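Subject: Structure for you to look at

Hello,

I am passing on the structure we talked about. Please have a look, and then read the notes below.

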Amino acid sequence: MQAHQCPLYSKLSIDRQSIQMASKTYPALKFTDFWTRKQKTLFNRLDADGDGFFTKADYDANAEQVIKYGCLVGEQADTLRQLMKAHWPAVSGGNNDLKVGLETFLMMTKKLASLSVQDPTILKKSISGRFDRIDLDGNGVISLAEHDAFFQALGIDKDKSRPVFEKINKTCDGKISREEYTSAHLDFSLSEDPENEYADIFGPLDAE
């Protein structure tokens, strides 16, 4: 998959307001090996301690890693912690003892993806919440530095961040909008095309 290229004219011919999520439709999912590989990669990124389960400890550890790599201190660090704390019930169903293994995770993501092919509202809400947690300064866009911090917090090399950032940033203005981010993450979750450019938005896919 080639990195997204920004033609010279793009900054002049494309304004941010015109980049809205098109009414893109996705076929019914077959949950191919490729789709499963993407979800396994995501699970491994979320499993911060590598014990084979996603728990609140992993979730909290990710927040602290974002704070570390985003160089957040004082009020900014506290704001992110509060944002993560507020989002936890949506992730866990309010269960602080949540312990999700890979098979359960795949079952959950299959159910959500199947529903989202028909109505992506719930998935869009989840993606929007993730956007807010990466937008560390709360200015409504994700900068390259914020995206770098997100990648590093997931244990992905910083040098893998820029190519993904540039693919998502279709306006080539150095800032990822909520619309751009949501569109890319919908493709990650709902496309089964191995050539889809957003397959690696959580870093290089793990080996099969």
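Leaving aside its neighbours within four places in sequence, which residues is Asp47 in contact with? This is a predicted model, and in it the contacts of Asp47 are Gly52, Phe53 and Asp58.

Asp47 lies in the loop that runs between helix H2 (33-46) and strand S1 (53-55). Its side chain reaches the backbone nitrogen of Gly52 at 2.8 Å. Asp47 is buried but has no salt bridge. The nearest side chain of opposite charge belongs to Lys99, 10 Å away.

Asp58, one of the contacts of Asp47, is also among the buried residues of helix H3. H3 spans residues 56-69 and reaches 20 Å from first to last C-alpha, close to the 20 Å expected. Just after H3, Cys71 has a positive phi of about 55°.

Now the core. The largest nonpolar core has 45 residues, and those with the most contacts inside it include Phe54, Leu80 and Leu190. At least two residues of this core come from each of H2, H3, H4, helix H5 (102-118), H6, H7, helix H8 (161-168) and helix H9 (178-190). Leaving aside neighbours within four places in sequence, Leu190 is in contact with Tyr26, Leu29, Ala113, Ser116, Val117 and Leu123.

Regards

Note on methods. Residues numbered from 1 in each chain as written. Predicted model: local features only at pLDDT ≥ 70, side-chain atom pairs only at ≥ 80, totals over all residues. Heavy atoms only, no water. Helix = DSSP H or I, 4+ residues; strand = E, 2+ residues; numbered from the N terminus. Buried < 20%, exposed > 50% of the residue type's maximum accessible area, 1.4 Å probe, protein only. Lys, Arg positive; Asp, Glu negative; His and termini not counted. Salt bridge = Lys/Arg side-chain N within 4 Å of Asp/Glu carboxyl O. Polar contact = N/O pair within 3.5 Å; in protein donor to acceptor, adjacent residues only side chain to side chain. Contact = heavy atoms within 4.5 Å. Expected span 1.5 Å × (residues − 1). Core = buried A, V, L, I, M, F, W, Y, C linked by side-chain atoms within 4.5 Å.
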